[in-house]
Structure formats: C-alpha cells, structure tokens
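Trainee: I would like to go through some of the labels used for this structure. Please show it first.

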Amino acid sequence: MIRFSLRKKLTTLVLLAIIPLLAISFYLILALKSYSNFYNAIVRNMTVANGYNLNFKNEIDEALYRQVSAGEPFPESAVPDPYSEIAALRSDFARLETITTDENSRSWLETLLRNIDTLEDRVDDIQQNLLEGGHYTDNIDMLENNIYILTELIQDDIQYYIYYQTESIENLQTALNRSLRTFVLAMSVVLVLAVALLVTVETRILRSVTSSVEDVDQTARRIATGDFSARSNVQSHDELAVLGRNINDMAGSLQEMVDRIRDDEKRMRHAELRLLQEQINPHFLYNTLDTIVWLIEGGKSEEAEDMVLSLSNFFRLVLSHGKEIITIREEEQHIRSYLEIQQVRYRDILSYEINIDPSIHHYCIQKLTLQPIVENALYHGIKEKRDRGTIRITGTREQDNIRLVVEDDGAGMEEEEVDRLREEIQKPCKETGAGFGLANVNERIRMRFGPQYGLKIESRKGAGTVITILIPAQEPVQEEA
C-alpha cells in the first residue's frame, strides 16, 4: 500500500520551498499596496489644494470688486459666481477633512472651513448692501478689511495644509524605508531557515528515491538478461515500491509466458503436421490418379495432361520448399490448382470463381490457409446440396487488414450447427472434435497474428455458408524455414 507517494514527497518539497517565499511576497505586496494607496491619497489631496491655492483668492477678490464697483447685486449668471466658488471650495475641503489622517493637516482644514463660513457671511453682507443700493463706501471697506483678509487667510490655510501633507509624504518615505529594512532582515532569516529545512527534507527524500530506483534498476537489469528469479525489495511505501512489486509480478509472468510459448510452439508444429497429414491424404491422391487414368482410358489425353499439371502445381505449392509463409499470389495459385483438379472430378456439380484483388498479391499469408476452407465448402456444402453449386473466393484490403472470403451456395447449416462449429474452431486443434481443418487454420492465424484475427462463420440452411478470413496486411520478410 502507498503510504507516502512520490507525488506527496515532491509536493512537500515544493511547498517547503514556495510557502515561505509566498508568505513574504504576500506581505510585501500588501505593504506596498498600503503605502501606494496612502501616497496616492496624499497626492490627490495636494492636487486639489494646489488648484485652489493658485486661483481661488484672485478670482473671488476680482469678482467681488467688479460687482461693488458696478453697484449692482450678483446676477445669477455671474462668471465667476462667488457663491458657486465658495460652495465648491467648502465641498472639496470638507471631503478632504473626512479622508485626512494627519492631525496637523486636519487642524488647518478645520480652520479653513471656519474661514470659508465667515467669508460667505461677509459676501452675504455685501450682496445685501447691493440689493438695498448705495453703501459703496461700506462695501469697499468690507472688501479691504474683511474679504481680502479672509481670502488671504484661506490661502494661508491651504498652504499650511499642503505643507503638512508634504511632511506626511516624508514620514511615509521614512516608514517605508524602515519597513523595507525589516522586510529584508526577516526575509534573510526565513530564507536561511527554509533552505536549512529544504536541504534536510530533500536529502531524506532523494536518498529514499535513489535507493529505491537503484534497487528497481538492478532487478530490471537481471530480468533483461534472462534471470527471471530476480526480485525487487523496495520498502519505501510509495510508487517505487509498487513498481518493484509489479516488476516481481512481471518476472513471474515472463517465466510462465516463456514456458507457455515453448508449449505453444510445440503445439503449433504438431498442428502443422496434423494439417499436412489431414490435407495431403492418400484418398485425395488416389482419387485424383484414378480420375487421370479414367481420362486417359477415355481418350481425353489433353484433359489428363492438364490434370497432371494441376496436381504437380498443387503439391509443389504445398511443399513450398519448406516455407511456412508464402504470398497471397502463391496461395491463390495453390487453391486454383486444387479447384481445377476437383472440377474435373465434380464437373457436373462444381463451378468456382476466384476474384482476389491483384493489389494484395504481394502480401504474406500462412501456407494452406484457403485450401482447408475450400475443401470444407466442397464436401460439406456443394456435395450435400446434391445439385450444381458455386464456390466464390474473394480477397480485398481494408485499411491495414486483408479480408479473404470463401462463399458457397451449398446446403448450409442450421443455427445450432453453426454455433457448435464456432465453438469448435475456437478450441486448440488437439481438443477439437469436429471441424479440424477450420480450427487448424483459425488457431494458426491467431497464434501468429493475435486474437483479433482469424475466421468468422455465417451460414443458413439451404442458402449456403460464408467463411471470412481476417489477417493483417504484412509485406514479405525473410521467409521462415
């Protein structure tokens, strides 16, 4: 069982390296963001204050002087409108008072707001005098002794506010420098501790992993040389321990597989011998020779000569110089010779068609793949029909596979017979009670190419039988003896 997987070990290693750095980085980001927000707020406040510091006094003084000189009340369309300017000034600095944290700056803002209220009262006085008419001298005195002094005071208040805000920026810079020094010191300590812990944990993990890898590697090397008794002894309770156990299981399976392959090879050779004995039997040879004699006695020497030639080709292709694998072209020639011989014997009931795509002629096939199936179609299909029938052989390529089909319109089989035959051809030849020829072909194909290849049987009583052979499309290689 995996108690502490490699993923957990590596994750722990990474977290030990990353978490301290993430914590420090997060702290630094928050500190910098806080300082940045504070600094930006001060700058915005100073920008607002500077705007009024430059323009407010001159604009109010000039606007009020023009109205007093004209001796008329302030019109609603006056530009600049003193009341609008005073209201804007009060609104902006009241807002600054709510967000300003520095005590000195807040004190001057409070004074500034009181002076604004007083200024508005004096402007009201002048406006009242203008509405009543006259009072020019009083208004001039009020301008010089009240309005101008109040706007001067307001401008001074704004300048003091700007001054203390500037001082706050300097204090902020000092605090930031102090925090940076503290941060660098803390980060140095944390990094030293993290590196020490990381090295300790890393050493233990790497020692555990490397020793396990070396053990698995040595075991795999021994198995690769053929020593299937080699066993891994990893005790790390992680994936490498599981890998070691799997390698041990693999070594045992390989030993069993080698033994099974030896048995399969023996069984395959035995099946091939049985196939040759089953297919090249004396009865076929005797019947063929009897037919040749009968043709000669009947004065049909040319037909007899053709039959002898077909028989010669048949046995030549059966022997194939001892080769197990031949081309589809050679297999087609072999089955054609076989059918030529049988057609002479069964001319009244047998006809055949061979339509194998020439483009697949060069691909490989096991010798004696088609002949047992064609023989089965003849003896169990056409002859049982007791009427004339046809055997059709077709061959095509489908993607990476070759599909060969042997079809007859003979007697066919009941569904129960088909199912029983399908079961029989799936058994090893030595265990087959019926359909040995088909079972032999199916077993040899599956043993050589894999279980996804072999024979497929379809049949219907009175309609005939279709046997499909599926093999991989393989180019010729060094032929086996």
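Mentor: Start with Glu97, which lies in helix α2 (residues 82-99). Keep in mind that this is a predicted model.

Trainee: What makes Glu97 a residue without a salt bridge?

Mentor: A salt bridge needs a side-chain nitrogen of Lys or Arg within 4 Å of a carboxyl oxygen of Asp or Glu. For Glu97, the nearest side chain of opposite charge is Arg106, 4.6 Å away.

Trainee: Why are Arg90 and Glu120 called a salt bridge?

Mentor: The closest N and O atoms of Arg90 and Glu120 are 2.6 Å apart. The limit is 4 Å, so the pair qualifies. Arg90 lies in helix α2 and Glu120 in helix α3 (residues 103-132), so the pair ties together parts that are 30 residues apart in sequence.

Trainee: How do you know whether Arg90 is buried or partly exposed?

Mentor: Buried means under 20% relative accessible area, and exposed means over 50%. Arg90 has 23%, so it falls in between and counts as partly exposed. Glu120, at 22%, is partly exposed by the same rule.

Trainee: What makes Glu353 and Arg392 a salt bridge?

Mentor: Their N to O distance is 3.5 Å, and the cut-off is 4 Å. Glu353 lies in strand β2 (residues 350-356) and Arg392 in strand β4 (residues 389-398), so this bridge ties together parts that are 39 residues apart in sequence.

Trainee: How many salt bridges are found in the whole structure?

Mentor: The search finds nine. Another one of them joins Glu398 and Arg403, at 2.9 Å from N to O.

Trainee: Why is Leu143 called buried?

Mentor: Its relative accessible area is 1%. Buried means under 20%, so the label applies to Leu143. This residue lies in helix α4 (residues 136-224). Beyond its neighbours within four places in sequence, Leu143 is in contact with Leu64, Tyr65, Val68, Ile126 and Tyr148. From Leu143 to Val68 there are 75 residues in sequence, but 8.7 Å in space, C-alpha to C-alpha.

Conventions: Residues numbered from 1 in each chain as written. Predicted model: local features only at pLDDT ≥ 70, side-chain atom pairs only at ≥ 80, totals over all residues. Heavy atoms only, no water. Helix = DSSP H or I, 4+ residues; strand = E, 2+ residues; numbered from the N terminus. Buried < 20%, exposed > 50% of the residue type's maximum accessible area, 1.4 Å probe, protein only. Contact = heavy atoms within 4.5 Å. Lys, Arg positive; Asp, Glu negative; His and termini not counted.
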